[in-house]
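Please look through the structure below with me.

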Amino acid sequence: MPQNDYIERHIKQHGRRLDYEERKRKREAREGHKISKDAQTLKGWRGKQYAKKRYAEKVAMKKKIKAHEESKIKGPSKPKEDDGEALPTYLLDRQQQNTAKAISSSIKQKRMEKADKFSVPLPKVRGISEEEMFKVVRTGKSKTKSWKRMITKHTFVGECFTRRPVKMERIIRPSALRQKKANVTHPELAVTVLLPILSVKKNPQSPMYTQMGVLTKGTIIEVNVSELGLVTAGGKVVWGKYAQITNEPDRDGVVNAVLLV
Amino acid sequence: MQLTWKDIGTVPSSNDMLDIVLNRTQRKTPTVIRPGFKIQRIRAFYMRKVKFTGEGFAEKFDDIIRGFPNINDLHPFHRDLMDTLYEKNHYKVSLAAVSRAKTLIEQVSRDYVRLLKFGQSLFQCKQLKRAALGRMATIVKKLKDPFAYLEQVRQHLGRLPSIDPNTRTLLICGYPNVGKSSFLRCITKADVEVQPYAFTTKALYVGHFDYKYLRFQAIDTPGILDRPTDEMNNIEMQSIYAIAHLRSCVLYFMDLSEQCGFSIEQQVKLFHSIKPLFANKSVLVVINKTDIIKIEDLEQSSQDLIKTVMNVPGVEIMQTSCYHDDNVMQVRNKACEKLLTARIEQKLKGTARVNNILNKIHVSTPQARDELDRSPFIPEEIKALKKYDVNDPDKRRLAKDVEAENGGAGVYNVNLKDQYLLDDEEWKNDVMPEILDGKNVYDFLDPEIAAKLAALEEEEERLEQEGLKQQIFDAKIKGF
C-alpha cells in the first residue's frame, strides 16, 4: 500500500519520464498560443470573464514595465540642491518665499476656513419625488381608499418608538427597512467603524423627511462615537457626532457615512 | 472506526470557490429580465438569484466541514498524530472559520431577500442583488488561508498509512539509523526507503504479515533522540505517540557497532528514558547488525551495560542481522508470541469480559435422590484396553502412525474403502465403473436389485407350476 510521500519516493527511485523536461518546456512555450486561442473562441459569460481577467493582467504588466523603465532612466528622482556643504549661520534664517505670496495664500486660507464651517462632503443631492418616496397603500373593504402611505426608503426610528394604531397610521415605516447602525468613516484617520445611529439631524430633501427619519444620500445623521474615543479640546469624551450619508441605503442595504470633523 | 481518510473532497482555493458558485448561479437561474415586467416578477427573479447563491455557498461549506474528521471523536493515537502533524488548534480554527462563514453567508442571504421584497424598480433590485453577492464574495475571500491550509491537510491525510490502534501490532523503535526500516522490509512487503543516513524515515510506515494464520501489522517509526519530550520535533513525536497509544509489542532496536553514530551507552540511556511508555506492553530489545559485531564480542563493561535493560520486567534481548537476513524470522516470531500471550492475559484480566461469559454458563450438580450408585458406564472391552502410551513399543497402531509411515501428511492418502462394511471382505477394493458402454452406471443402479430378482424368480417358479392350468385356460379361450 503506498503511504506517505510515495510519489516523491518513486521519482527519487525511478526518475521521471525521459521526455518530461522536453514536454514541460514545450507546454510552457505553447502557453501563449493557448491563451490566445481561448481569448478568441470563448463566448458569452466565460468570454467576458476571460477578457476581464486578461485586461487586468495586461494593465498590471504594463504598469510594472513602465515603473521599471522609469527607475532605470531617471535614477534618483530629486537631484540634491546643496552639495553637502554646511551653510553659515547667517544664511540659515533667510526667507525664500516672498511676502506678497504669503499674504495672498493666508487670505485664501481664511476664506476656505470660513466656507468650511458650512461645507459638507456631499454638497449636492438628487431630488427625490414623492412618488418615489411613498408607495400608496390601498385600504378599505373594496380597496378604494388610498390615504395610507408606505415609505420605500430606509428609515431610522428612535429607540422608544411605538407604532400608532394600525387603523390610524397614515405613514408606514416598514420594519424591514429600519436601520440602527451605520458604517462611519473618519476621513482623517481613514478608519471605518460600525456605529449606532442616534438621530437624523437633517434630510436635505425636505424637513418632513427629517422628522420621519428617512435615510437618503446626503442626509446628516448623528452617530454615537464613544467607541472611537474622540476627545474635545477641553478633555471631555465626545459622545455624539454628525456624519453625512454617502450612499443610497436602499440600493446597498447598508448605511455608509463620513464623519464631519 | 475510520482509519483512513482518502475520500475527503478537494477544497478549492477561495477564488476558485467563488468562480464555481457564481458560475453555477449564472448557469442555473434565469438570465433575462426587462424593466417592463411586473415588479413582483422582477423581485422574484433577483430573490431567486440571491437565495440560490447563498445556498450554493452553504452547501459547499457544509461538504468541507463534514468531510474532515472531528478531531475530538478520533482514537487518542490518531488525535495526537494529527495534532503533531497539523497542529490541532490551527485545524479547529480553520474549520470553525468555514463554519462561521457559512452562517454569515446565510444571514446575508436572508437579509437581502428581505430587502428585495421592498424593491421598487428593476435597477434597485439589481443593485441589491449585486450588494448581496458582493458581500458573500467578501466573506469567501477572507477564507483564503483556511482553504489553502485545509487543502494541504486533506492531501496529507489521504496519504497517511492506515494504522489500526487495536489490532495486533509490532512497533519498531530506536535511535536513527539502527536498522528499523530494513527490519520492516525483511518481515513485510512494505516498500520502505532504507538509506545510510539518519532520519531517512520521517513518518510512520506500516507493513503487514501473517503469523499463525493471524494478520499482524508492523509499524516502522522515525528515530528518536534522547531528550525531553517538549524539546522533540514533530518527527520524533510521531514515534512517541505511536509507542504511547498503540497496544503493541515494542521492538527496541540497538546497534552495537555504533555505525549509527550513537554509542551503546547512549542507546541504553534512551531505553531507560522512554521506559515509562512501555508500561503494560511486551518489550523485546533487538540487537541489530550482528554481521558486524555480536554481543559476545563486546567488552565486559559494555555487556553489563546492555544487561541493565533486563532489569525492566518482561524484557528480553535477541540478536539479528537484517543485512544477512539472519535470525530475523526468529525475532519476529518471538515478538508475535509475546504479543499474543500478553493480549490473552489482558483479555483474561478484564473482569467485564470474563463475567460476561460466566453469566451465561450454569453448571448444575444434581442432588442425590437415593442410595443407588449411578456411575458412568464403560464397556468391559474398553476397560480391558491398555492405556495408550507414546513411548510404549507395543502401543496401538493409530491411523496417524500409518500416515507417518507412508510419507506424512500431504503425501499419504487415507484409503476410505478400508472401512466399508460389505458381505465379502474381498469386494472392498473392487473398482466400480461409473460409465459402462457409454451409459452412466448409476442410472441403472437399483439398491433392491437382489430382492427384486428373488421375487421375480419365485414368481417364475410359481408360474411354471401353474403352467398346466394355464394351458387349460388357453384352450378354453380358443373354444370361444
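Q: What makes B:Arg168 count as a residue that lies over the face of B:Phe216?

A: B:Arg168 lies over the face of B:Phe216 at 5.8 Å from the ring centre, and a charge sits over a ring if NZ of Lys or CZ of Arg is within 6 Å of the ring centre and within 35 degrees of the ring normal, so the distance of 5.8 Å falls inside the limit. In another such case, the charged end of B:Arg41 sits over the ring of B:Phe37, 3.8 Å from its centre.

Q: What should I know about the model before reading further?

A: This is a predicted model, in which local features need pLDDT of at least 70 and side-chain atom pairs count only at pLDDT 80 or more, while totals for chains, interfaces and linings use all residues. Residues are numbered from 1 along each chain as its sequence is written, chains are lettered from A and ligands numbered from 1 in the order in which they are written, and side-chain values use heavy atoms, with hydrogens and water left out.

Q: Why is the pair of B:Tyr175 and B:Phe262 called stacked?

A: Rings of Phe, Tyr and Trp (its six-membered ring) pair if their centres lie within 6.5 Å, and planes under 30 degrees apart count as stacked, over 60 as edge-to-face and the rest as tilted. The centres of B:Tyr175 and B:Phe262 are 4.2 Å apart and their planes are at 25°, so the pair is stacked. B:Tyr175 is in the loop between β1 (169-174) and α7 (180-187) of chain B, and B:Phe262 is in the loop between β4 (249-255) and α9 (264-273) of chain B, so the pair ties together parts that are 87 residues apart in sequence. A search of the whole structure finds 11 aromatic pairs over all chains.

Q: How do you know whether B:Tyr175 is buried or exposed?

A: Buried means under 20% relative accessible area, exposed over 50%, and partly exposed in between (1.4 Å probe, protein chains only). B:Tyr175 has a relative accessible area of 3%, so B:Tyr175 is buried, and B:Phe262, with 17%, is buried as well.

Q: What kind of pair do the rings of B:Tyr252 and B:Phe271 make, and why?

A: With centres 5.1 Å apart and planes at 70°, the rings of B:Tyr252 and B:Phe271 are edge-to-face, because the angle is over 60 degrees. This pair links distant parts of the chain, with B:Tyr252 in strand β4 of chain B and B:Phe271 in helix α9 of chain B, 19 residues apart. Both B:Tyr252 and B:Phe271 are buried.

Q: Why do the side chains of B:Arg66 and B:Asp62 count as a salt bridge?

A: A salt bridge is a side-chain nitrogen of Lys or Arg within 4 Å of a carboxyl oxygen of Asp or Glu. The N to O distance between B:Arg66 and B:Asp62 is 3.6 Å, so the two side chains meet in a salt bridge. Both residues lie in helix α2 (residues 39-67) of chain B, four residues apart, about one turn of the helix. B:Asp63 also forms a salt bridge with B:Arg66, the closest N and O atoms being 3.7 Å apart.

Q: What makes B:Arg462 and B:Glu466 a salt bridge?

A: The side chains of B:Arg462 and B:Glu466 meet at 3.9 Å, N to O, so the pair falls within the limit for a salt bridge. Being four residues apart in helix α15 (residues 449-479) of chain B, B:Arg462 and B:Glu466 are separated by about one helical turn.

Q: How do you know that A:Thr152 is buried?

A: A:Thr152 has 4% relative accessibility, and therefore counts as buried. A:Thr152 lies in the loop between β2 (145-151) and β3 (154-155) of chain A. Leaving aside neighbours within four places in sequence, A:Thr152 is in contact (heavy atoms within 4.5 Å) with residues including A:Glu132, A:Asp250 and B:Gln120.

Notes
Helix = DSSP H or I, 4+ residues; strand = E, 2+ residues; numbered from the N terminus.
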